[in-house]
Amino acid sequence: MNATQHRPLHLRDVRITLHARELIPGMNLSVAPGECVTVMGPSGCGKSTLLAYVAGTLDPAFRATGRILIGESDITDVAPERRRVGIQFQDDLLFPHLSVGENLAFALTDRVRERQARWRHVEAALEEADLAGFAARDPATLSGGQRARVALLRTLLAEPLVLLLDEPFNRLDAQLRHDFRRFVFDHAVQRGLPALLVTHDAADAQAAGGPVIELR
Amino acid sequence: MGETLHEVRARRATGVLRFAPAVTVAVLLLPIVAGLVGTLLPAFGYLPAIGGTSFGFDGWRRLFAAPGIATSIVTTLFTGIAASVLSVLLAIAFCAWAWGRPWTRRVGGWLAPILATPHSAIALGLAFLVAPSGWVVRAISPWLTGWTVPPDVATVGHPGGLALVLGLMVKEVPYLVLMIVGAMHQVAAAPQLAAARAAGYARAEAWLKVILPQIYPQIRLPFYAVIAFSLSVVDVALILGPTNPPTLAVLAVRWFFDADITFYFQASAAAILLVGLVVTVVAGWFLLERVTIVLGRRWIVRGRRHGSINRIVATLAGSGIALFALAVLAIVGMGIWSFAEQWRFPDALPQAWSLANWLRRLQGLAEPAQWTLVLGMAATAIALVLAVACLEHESRAQVKTGSRTLWILYVPLLLPQVAFLFGAQVLLVRLDLDGAVGAVIFAHLVFVLPYLFLSLADPWRSLDPRYARTAASLGASPTRILLRLKLPLLLRPVLIACAVAFAVSVGQYLATLFAGNGRIPTLTTEAVTLAAGADRRVIGAYALMQSALPMLFFLAAALVPALVFRNRRGVQGWQ
């Protein structure tokens, strides 16, 4: 594990408005390493907007103030690609032009330089997801659950310091949802990542096991 | 093979529409095939009307013996390849750099004036900009350069063809940008890019590695069309290209119209040689694509972040924007000339303005303007009927259109115009139809139809089919559904497609010249003819009219739906 990891995520007085409407009213929040905080609320309340602000991909139509910190370092004005904030969406967003293994290699941090070492990492990640030998497969041939697992591993291979979960369980049916929740939270805890989950499903929040914040 | 009940029902349901695809293909391919054969035969010595009764290679021999032919071929290849490759690089770089920035949401609107303006009008404007006595030199003289008379250098008509390359790029970069933006709508680009950035990739690098490989198949054909056009363009080459020797296409046209009809054989051979050059360059690019795919994959899986590629992309994107500025200046400059009373070198603006030029030219402009309108509206109307009939047949019979159809639509855009217009003209003369209005409309239709079809097909196919099903379940007939539901819902894309089609017609130089046999003057044919040495104020008036007419149509396409549906927010979404 990397020495820079295991740092908490802090939101300080984060306020987001769209035109004159206030979506997020001055939110203060700290997420400890290995903890998962759930933000709940009806659709359109600004849950995903909050995650976009943390990830740095907020649409310019929104106005946002407040600071985001990982440990001591303020990432509010850092470009999205330098924040080391991983995000998992409702759709798995596996890139259709790349194989399963290439999707993972794309995301794997470039600190692993050597070609064979990179493929070892990819293979190891696939094994972790019970997908050993799937590297050459077209992502379109995978089942929904398999794709979801590959997508999470892809997010993790970039070695994020924070994990954002944007309703990642929505598209899965009941049994898969249960398994994938375990998969996600186990990985987050194991890597000591502070995680922020948005959902409108109370069962997700329960599985996350951390504090729950209600937006309206 | 027996038809399934479904097929029988589908066929009955489409009625007369089931002939639409065949008619459309015939309209596109018949003149091209006939014309191509009509060029191919004389290229090998066969044209009984002028004494060519046996096959042979005399035309080819004379072609390769012509003075300066080697230079001409090299210049053609250089300008064609440089213009198309630079255009695609700049277009890709611009999109990689600009995606997701707020001001690029309306990029289609920004580019519309350039796309509406015919190639020749932009070329005329550019000629004035970059000429030794042009606007650029005027802007920096004499305070910076010390020049009080224009410097003696050849910029326009630069022997290496640099001005021609610039003139082509100014139009082709915006066209390719629009193709890329259209393709991006179909791959849900934004969330994938967010995922790539979260994985540590900077904007441009994320776009190149994640989006470009997915959309390239959709811009491939438009890009091949750009290659073919750049290698075989005539009007822009006449205005900006080298003169002695000119590019191969210009040389072929010059020979075609030579008083000595025996030149016709080598003209045909030159046209066929041009087809060979286009095929060779496209094939070469195709191989390059294969190599790039292999290398690109390696580049992607190496996982390097923050490469120098981001800086390269930003630089290229900057050049793209500079090109855009150049196009705008070209159009504005022509406008200013047309209102200039007196504009001496090296003043940056006219000393005196007046409407006198326009009043003097009004008489002369009226006829070509009328022809331009008549030809454009007729060709657009016919193309619209054919395209709607095909698309409606497609949705009623529930047939999927394969990639073969797409290739057919691109045939007129991939083949050098001279290669089939030569033969088509000979055919028209034989049928005593040369110079007939119908023949010119038909010639325009061949180029107008693909553009209209291509710009209408995507919105048409992405209209939610449940609207039509709902209407049908309410008892509406297919005709009623088309007229009362689909066409109104698609009003905006229909009008935009018509504006694009009209602009294409306005820009036709060679097709008008050949099918009209020089007897039907349009703004474009007149403007290109004037380019050779007429008063800049006259050229300015023609070029401004050339771009004003299509722009009016684009304006109407933007305003009419907004007005009709001003109380229907849901329809505004149909872009």
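**Ground rules.** I am working with a predicted model, where local features need pLDDT of at least 70, side-chain atom pairs count only at pLDDT 80 or more, and totals for chains, interfaces and linings use all residues. Residues are numbered from 1 along each chain as its sequence is written, while chains are lettered from A and ligands numbered from 1 in the order in which they are written.

**Chain A.** I looked up the secondary structure of chain A and found 6 helices and 9 strands (DSSP runs numbered from the N terminus: helices are H or I, at least four residues; strands are E, at least two). Next I checked burial: 45% of the 216 residues in chain A are buried (20 or more other C-beta atoms within 10 Å of the residue's own, C-beta atoms being placed from the backbone). The C-alpha atoms of chain A fill a box of roughly 50 × 35 × 30 Å along the principal axes.

**Where the chains meet.** I found 21 residues of chain B in contact with 24 residues of chain A (C-beta atoms, placed from the backbone, within 7 Å). On the chain B side, α9 (189-198), α10 (203-232) and α13 (263-302) each give two or more residues. α9(B) gives the most, with 6 residues.

**A helix pair in chain B.** I then followed α10(B) to α16 (residues 403-414) of chain B: their axes come within 9 Å and cross at roughly 20 degrees (axes are lines fitted to C-alpha atoms over the stretch in contact, with angles from 0 to 180 degrees between N-to-C directions). The two helices are therefore roughly parallel to each other (angles under 35 degrees). Among the residues making this contact are B:Leu221 and B:Tyr224 of α10(B) and B:Leu406 and B:Tyr410 of α16(B).

Methods:
Contact = placed C-beta atoms within 7 Å. Parallel < 35°, antiparallel > 145°, perpendicular 65-115°, else oblique. Buried ≥ 20, exposed ≤ 12 C-beta atoms within 10 Å, placed from the backbone.
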